[in-house]
Structure formats: C-alpha cells, structure tokens
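Subject: Structure for you to look over

Hello,

Here is the structure I promised to hand over. Please open it first, then read my notes below.

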2 protein chains.
Amino acid sequence: MSTIYEVSKLAGVSLATVSRVINNNSKVSDKTRQKVQEAMVELGYRPNSIAQSLALSTSNSVGILVSELSGAFFGQMMAGIEAKLRAAGKHVIITTGHSVEDKEKEGIEFLISRNCDAIILHVEAVTDDYLIDLSKGKTPIYLLSRWVEELSDNCISLDNELGGYLATQAVIEHGHVNIAYIGGPQFKPDAIDRLAGHQRALATNKIPFNAALYYEGDYQDTAGREGLKNLLTKNIPFTALVCANDEMASGAMTYARELALALPQQLSIIGFDNVIFAQHIYPKLSTIDNPILAMGHMAAKLILRDIYQIKCPLIKHFFKPKLITRDSIANIG
Amino acid sequence: MSTIYEVSKLAGVSLATVSRVINNNSKVSDKTRQKVQEAMVELGYRPNSIAQSLALSTSNSVGILVSELSGAFFGQMMAGIEAKLRAAGKHVIITTGHSVEDKEKEGIEFLISRNCDAIILHVEAVTDDYLIDLSKGKTPIYLLSRWVEELSDNCISLDNELGGYLATQAVIEHGHVNIAYIGGPQFKPDAIDRLAGHQRALATNKIPFNAALYYEGDYQDTAGREGLKNLLTKNIPFTALVCANDEMASGAMTYARELALALPQQLSIIGFDNVIFAQHIYPKLSTIDNPILAMGHMAAKLILRDIYQIKCPLIKHFFKPKLITRDSIANIG
DNA sequence: TCTCGCTAAGAGAACACTTTCTTATGTGGA
DNA sequence: TCCACATAAGAAAGTGTTCTCTTAGCGAGA
C-alpha cells in the first residue's frame, strides 16, 4: 500500500498539502490539487485509517457489543444501529460478549482500544458499578436494553416489567388462571424484569405464584421444549404458558404439537419480542412487541447527536412494549 | 487514557522496557517487570491497539463483510466465524455491504484500511474481476458462499446448484409434476445456482420449465407471500412450491394457510437453508441443509492456518447440501 | 519602487506504540 | 585483579497520518 509520503514525492509537494487535498479542509490551488489527485490515482493510494485514527484520536466508527451474533433479536438490534449510522457516514465495529463477564470486558476493551468514538453495549454479565466506572473514561458508552439510573442519559431501554405484565394479563383476560411461565436466565436484567411483570399481573389478579409452574430457560428454542417437558412432569394442570421470548415459545409450541395437544384450545401460549418468524408459526404467536429495531435506531441517533453533533429530533430513552394479539391464546371457562 | 510514556515515567524505566513487559517477548528482570506492572495498574493503563497496529502493521483482527446483519442465515455465518477466531484470541470487525456494489466496495475499503490481517467477504454485487484484483493487494481476502475459480484456495462455498436440484427432486419423488418456484434475486450467485438446480431436476425428469410458475423474490418472508399470491393469479394449477430459502417458504406457507389451503395436502412446500425456525413452523418445513455455521468455522480455520500459522487439520472448500425431510411435502397421485 | 497584507505551501512536531542498535552492568574464568 | 562476555535496559528511529506554525510569493496601494 502506498503512503502519503509517496504521493507527496510523486506530486512534488509536501505531506501537509497531500493531507489537505485528502481532507479538503483548507485552501489548495486547483493546479496543486490536480497534481496531487493524479498522483493518488496513479499510485492507487488509500488513506490508512489506522494512522488517521492515531493522529486524530477519533475514528468515525462506533463500537457495538452484542451478546450473540445470531438470533433474530440481535440481528434486528445490529441492523437498527447500523442503518442509521451508515446513513451518516459512520462505520460500525461489532464484537461479542457471550453474556460472560470476562468476555464482555474483553470485548469492551477491544472496542475502546480501537479508538471507537463511542460504544453501544448490550451487556448482561457485567455489574452496574463497572459500567459507571467505565463511563468515566474517555470513550462515551451507551447502554441498549439495560437501565442504569446513574447513566440514564445514555440508556435506551424497554420496560420489560410492563411487557411481562402485559403478556400474563393478556392470558388472564382470556380466563386463564393456571398459568405456567418459562423465564429467561435470571442473571439477565431483562429476564428478571419480565418475570417480575408476570408476578405483578398474577398478584393484581389475586392468583398465587406457584414456583412449580416456573422454569428457567436460556432463551433458546430448545429451552422451550425442555421447559414444557419439565413443567408437564409435575402434574399440576395449567392451561396457559407464558414464555419470556419467542424462541422459547416456539420450542414449547413445537413440543406441544408433538404431544398432540390441540393449540391453542388445550394450551394457550404467548411469547415476547415479536421477532419476524412469530407470525409464521402456527397458530400465529401472540406476543409482546419489542421495538428493538427502533431502539437501535434511537441509540444511533443519540450518538449522532452527542458525539457527531448532528441534530436528531425526538430522542426517547424508554420504550413501552405493547401486546400483539394473534391466534395462540384461546378463551377458557 | 494513559500512555506507555506515563507508565515509563512512573515506573522509572524506558519506553522500550514497558513495551517489553506488555508483549513479554524479551527478557526483563523480575524487579523491573514488577515495577512496570504496578505502574500499569496504578494508571489503569491499556495498550492502544491503534498505535500497536500502526507500528506493527498487523492488528490481530479479521474483517467480515456480510450483506445484512439481520436474518438467520447471516447470524449463523457470523457466529460460526467469530467462535473459532475468538477461541484463538483474534477479534472480528464486522461491517455490511447490503448487496449493493458501492456499499460493498466501501465496506471492503473500510476493513482494509483498518489493517485487518485478513477479510472474509460475503459479497454479491461486486464482480469477479474486482475480487481478483483485490486479492492482489496486501490484505488477503476469503470468499464465503461464493466461488471464483481463480481464487479457489480462498473460497468456501456451497454447492447451491445441487441444493436446488435436491429440493426439486424431493418434491418430484413425491409425485409432483406441477411445480412452482419462488427464487432469490437473480443478481445473487446463489440464487442463480439454486434456480439452475431446480431446472436441472425438472429436465432430468422430463418436466418442462414453465416460466409462468416462476417468481423472483428477494429472500424476505414477504416475498414468499407475494410470490404465492402472484403465482395463484395465473390460474395454472400446481401442487408443489419450491422456495429458494426458508424465509420465503414461511411467508408462502403463512399465506397459504390464510387462504385455508390444507398443508401439505393441497400444497407441498420445500425451503432452503434449514434455519432454526424451519422446524417450528407448521407443518415442519422440509428443506435443504445449508451448513453455513460449519462453513463459517471453516473460513476461520483457513485464516488461522494461512495467516496466523495455527495448524488446522481438515480444511474443506466445497460443501454439499443435503435434504432435510420433515412434514411439508405430501405424496400425490 | 517599496512595503503591507493575504494566501498557498512547507517544516516539523505529535499521536502511542515497536524494535533495532547501543550501552551499562554484573558475572565468571584465568 | 583484569578482561571477556552475557544480559538487562536505554536511545532513537520508524509506522502513516494531521495540524500548527512558519515562510515564500504575489498583488495592491502609497
């Protein structure tokens, strides 16, 4: 790869002048500009953005840390962020944390050490204190789908508790009282909140929470299957199953059908997230809409505003989920 | 952020010594090492990998360019690559091309200019010649899910033609002769190959290809719905529908059910890719397994071997798809 | 014709590291 | 006791940019 030095030599000008042509942030005579541009073309010159980053200590790129690269939820999230940022000419550097503390920290350090202008974090294992500490550093951090009071200006998050409440409430309104719940891993903040919402809905309706009708899954489809299997072994009858995400709801539904249960007549199921395929499973899955794409957009807008001084109207930090009614809940009683 | 200079001052040693401690590639006495390490801890020092990159012109990271960040297929692909690379201590920088030429080129340039040690490309809009040209540059490139003969050592790809053939053949073996096809965008190599495979299967079985039973979709679920709607308006009877991916198959299936068609009795459907949710739609979708996760692993192994000299046995460049039989194809006649 | 003032272009430091070359220190053998 | 040698540590150059000073050159006004 040719360097700015070679260009300057070929064009017969100084380094500074070549730099001025590249960034055209300062007057350069047309004649000189032309000479330089011709030299750049001839050498196939491309600025080395590593060197630019070092000199500017800025990189025109923002880091994203997600738990996983696969899964409908993370796909939407990354796509949401990237679309807005790319439209503004910014690049995105993505890495993963796999929901384990060391890897999350390592990922964060990687992004910071790459001179990202800001980083967007979807972290689950790291503590609030760590994040607060981190926010005092040079690189601004933004939290997606996690709420830390002290960092609230930099948080974009969903009211997961409300979502959990709405899901269970929807099922109750169809007459169900015997309700099982397959939750997410209880070290993840959203999983905790969704469960809390479920319990609030039960309490509001004077239905006792029965720990035997609770199963903790890992948000994978296989956990839906395992969860339903496990719950059924207990021989406590239930007519509705609330799942903390759509993947687990799908897994449970598939397993229920293998058992020849009539759906939704014999078992009503509701999910959470409203990922695209929720409308393609049968019966079409009722669920809670998680506007993760919009939240991704919003995180990007926040950064565009704060970091790059591009004005973005309508900033919103806290999103409300809403119920999506489809065909997977039956009336009872 | 503190620098190596501040560490050296605090520890009372030279820059070189600090660097030696960081990289421990040279003898440093235990006493000095300890002093330096204490200074690093006290200052919360983290090496700036941008500066390291510049000095070393290497970055311990590999770039990935995908068409989209969302979608089950890309999720699996990214996850496959990342898992293997991360296990070897390498980082991944992901960006997107959105299947449009300019954006693909821009993404590639971004990755190259970030000093990636190698880049993995899933590109669809850029020409073979461009790629061949690119491969002559300093940064090694690897192509995933695309075959360019001149670059075959750096390609990992699936026999899409065979996959298309297997899908249609599966349907024919169930007695179908009136077969519709919803393809992918015909500028994408895999979409072209899958269609070619479909046509070969028809030809092998002496079934003429009827252009009226072909619809070109965009690989999204909505295209499945639109495609089926469009095909039905033509009033040419068909009993089976082959889709070039699972998303479109799901969309078509959902629409078919809305029309109250009995599935699979009145319409057999087969997809392609075997994404996770294919087993959760109803009837469970028969499809063609696309081992994209394994292919991602393989791309990573190839790079580990070529670039980082980590020996990886069992390199394989060309993958064969296979038929996954589930419940979405009915016997006929 | 001389000088003032403006603009285009150059010189060189800075960015945070790595690494080669060089020097200082200490050890062991004669 | 002296010298050779090994080894730890330092000095300084190099990596490819940007950017702040500084200077050269030119036109206009007196």
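DNA strand C has 28 residues around it, and the ones that come nearest are Ala16(A), Lys27(A), Thr32(A), Ile4(B) and Ser19(B). Two or more residues each come from helix H2 (15-23) and helix H4 (49-56) in chain A, and from helix H2 (15-23) and helix H4 (49-56) in chain B. H2(B) gives the most to this surface, with 6 residues. By class, the surface near DNA strand C has 15 nonpolar, 11 polar and 2 charged residues. Bear in mind that this is a predicted model.

Next, a helix in chain B. H3(B) covers residues 30-43, which is 14 residues. From first C-alpha to last it reaches 20 Å, close to the 20 Å expected at 1.5 Å a residue. Which residues of H3(B) are buried? They are Lys35(B), Val36(B), Ala39(B) and Met40(B). These four cover an arc of only 135° around the axis, so they sit on the same side of H3(B). The spacing fits a general rule. An α-helix has 3.6 residues a turn, so residues three or four places apart point the same way. The cover over the buried residues of H3(B) includes helix H1 (4-11) and H2 of chain B. On the other side of H3(B), Asp30(B), Lys31(B) and Val41(B) are exposed. Gly44(B) follows H3(B), and its phi is positive, near 60°.

Now the contact between the two chains. Chain A puts in 41 residues and chain B puts in 41 residues. On the side of chain A that touches chain B, the elements giving two or more residues are H4, helix H5 (72-87), strand E2 (91-96), helix H6 (101-113) and helix H11 (246-258), each of chain A. E2(A) gives the most to that side, with 6 residues. By class, that side of chain A has 17 nonpolar, 16 polar and 8 charged residues.

How are the copies related? A rotation of 180° with 0.1 Å of shift along its axis superposes chain A on chain B, at an RMSD of 0.2 Å. Therefore the relation is that of a two-fold axis. The C-alpha of Ile281(A) is the nearest to that axis in chain A, 2.2 Å from it. The same surface serves both copies, as 100% of the contact residues of chain A recur in chain B.

One residue in chain B is worth a look. Ser268(B) lies in strand E9 (residues 268-270) of chain B. Is Ser268(B) buried or exposed? Ser268(B) is buried, because 25 other C-beta atoms lie within 10 Å and the cut-off for buried is 20 or more. Leaving out residues up to four places away in sequence, Ser268(B) touches Val171(B), His174(B), His176(B), Thr239(B), Ala240(B), Ser328(B), Ile329(B) and Ala330(B). Ser268(B) and Gln37(B) are 231 residues apart in sequence and 67 Å apart in space, C-alpha to C-alpha.

Last, a helix in chain A. H8(A) spans residues 160-173, has 14 residues and reaches 20 Å from its first C-alpha to its last, close to the 20 Å expected at 1.5 Å a residue. H8(A) is mostly covered, with 10 of its 14 residues buried. Among them are Asn160(A), Gly163(A), Gly164(A), Tyr165(A) and Leu166(A). Ala167(A), Thr168(A), Gln169(A), Ala170(A) and Val171(A) are buried too. Just after H8(A), Gly175(A) takes a positive phi of about 95°.

Best regards

Technical notes. Residues are numbered from 1 along each chain as its sequence is written. Chains are lettered from A and ligands numbered from 1 in the order in which they are written. This is a predicted model: local features need pLDDT of at least 70, side-chain atom pairs count only at pLDDT 80 or more; totals for chains, interfaces and linings use all residues. A residue is near a molecule or strand if its C-beta atom, placed from the backbone, lies within 6 Å of it. Ala, Val, Leu, Ile, Met, Phe, Trp, Tyr, Cys and Pro count as nonpolar, Asp, Glu, Lys and Arg as charged, and the others, Gly among them, as polar. The expected span of a helix is 1.5 Å times one less than its number of residues. A residue is buried if 20 or more other C-beta atoms lie within 10 Å of its own, exposed if 12 or fewer, and partly exposed in between; C-beta atoms are placed from the backbone. The arc is that of the directions from the helix axis to the C-beta atoms. Two residues are in contact if their C-beta atoms, placed from the backbone, lie within 7 Å. Copies are superposed by least squares on the C-alpha atoms of residues with pLDDT of at least 70 in both.
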